[in-house]
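Me: I've got a model open on my screen and I'd like to learn how to read it. Can you walk me through a few features?

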Amino acid sequence: MAEKECSCCGQFKANSEFNRIGRVCRTCCNARQRANRKQSGNVATRRYEKTTRGFLMRTYRNMESRVKGIQWRKAHLYAGKSLLDRETFYQWSIHDVAFTALFMRWGLAGYVRKLTPSIDRIDSSKGYELDNMRWVTHSENSRAGNRSRIAQGRHIHQNAPPPPT
């Protein structure tokens, strides 16, 4: 197994621990990125997430983390639900007239949270499927969820499992 020395930590590591061209191992590279983000207040990421592609990337990752149970407080709501593939989601969103209008309105309003485009699952018993999703504002989606919980006579965390240990 071929090894090389990391120019940051000085340790010899397998070539697979380095990016293709880099002289810094992935561990050191990730540590540098975290430090830079902390120092800059994550400005570059926030800026990217206000672009169409960046916003859709973040939205998809949030959907994925719900379905995979990473967001454990709501895992019981999404367990076993389907999730369309990433590229299909991007293409559907980019060509969706409602998304385009909501995204532009959100930007023109100065990125006000209540106007943020949000995915609404029309039937909450189904997953993220093309025929079960639509774009609405964050405010509309929150109101719909609250009405649903009130109609069912339950609080948002009433059925939530305990946190992982």
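Reply: Let's begin with contact, which means heavy atoms within 4.5 Å. Leaving out residues up to four places away in sequence, Thr-116 touches Phe-55, Trp-106, Val-136, Thr-137 and His-138. Before we go on: this is a predicted model, where local features need pLDDT of at least 70, side-chain atom pairs count only at pLDDT 80 or more, and totals for chains, interfaces and linings use all residues. Residues are numbered from 1 along each chain as its sequence is written, and side-chain values use heavy atoms, with hydrogens and water left out.

Me: Where does Thr-116 lie?

Reply: Helices (H or I, at least four residues) and strands (E, at least two) are DSSP runs, numbered from the N terminus. Thr-116 sits in the loop between α6 (97-108) and β3 (117-121).

Me: Is Thr-116 buried or exposed?

Reply: Buried means under 20% relative accessible area, exposed over 50%, and partly exposed in between (1.4 Å probe, protein chains only). Thr-116 has 16% relative accessibility, so it counts as buried.

Me: What does the side chain of Thr-116 reach?

Reply: Look for a polar contact: a pair of N or O atoms within 3.5 Å; within protein, one must be able to donate a hydrogen and the other to accept it, and residues adjacent in sequence count only if both atoms are side-chain atoms. Here the Thr-116 side chain reaches the backbone oxygen of Arg-113 at 2.9 Å.

Me: How many salt bridges does the structure hold?

Reply: A salt bridge is a side-chain nitrogen of Lys or Arg within 4 Å of a carboxyl oxygen of Asp or Glu. The structure holds five. One of them joins Asp-120 and Arg-134, with the closest N and O atoms 2.7 Å apart. Asp-120 is in strand β3 and Arg-134 in strand β4 (residues 133-137), so this pair ties together parts that are 14 residues apart in sequence. Asp-120 is buried at 9% relative accessibility, while Arg-134 is partly exposed at 44%.

Me: Which residues do salt bridges with shared partners join into one network?

Reply: Glu-64, Lys-68 and Arg-86. Lys-68 pairs with Glu-64, their closest N and O atoms being 3.5 Å apart, and Glu-64 also meets Arg-86 (3.8 Å, N to O). Lys-68 is exposed at 59% relative accessibility, and Arg-86 is partly exposed at 32%.

Me: What about Lys-81: which side chain of opposite charge is nearest?

Reply: For charge, Lys and Arg count as positive and Asp and Glu as negative; His and the chain ends are not counted. For Lys-81 the answer is Asp-123, 8.0 Å away; Lys-81 is buried yet has no salt bridge. You'll find Lys-81 in the loop between α4 (75-78) and α5. Apart from neighbours within four places in sequence, Lys-81 is in contact with Val-67, Arg-121, Ser-124, Ser-125, Lys-126 and Gly-127.

Me: Last one: at what angle do α3 and α6 cross?

Reply: Two packed helices are described by the angle between their axes and the distance between the axes. Axes are lines fitted to C-alpha atoms, for helices over the stretch in contact, and angles run from 0 to 180 degrees between N-to-C directions. The α3 and α6 axes come within 12 Å and cross at roughly 110 degrees. At the meeting point, Thr-52, Phe-55 and Leu-56 in α3 meet Phe-99, Phe-103 and Trp-106 in α6.
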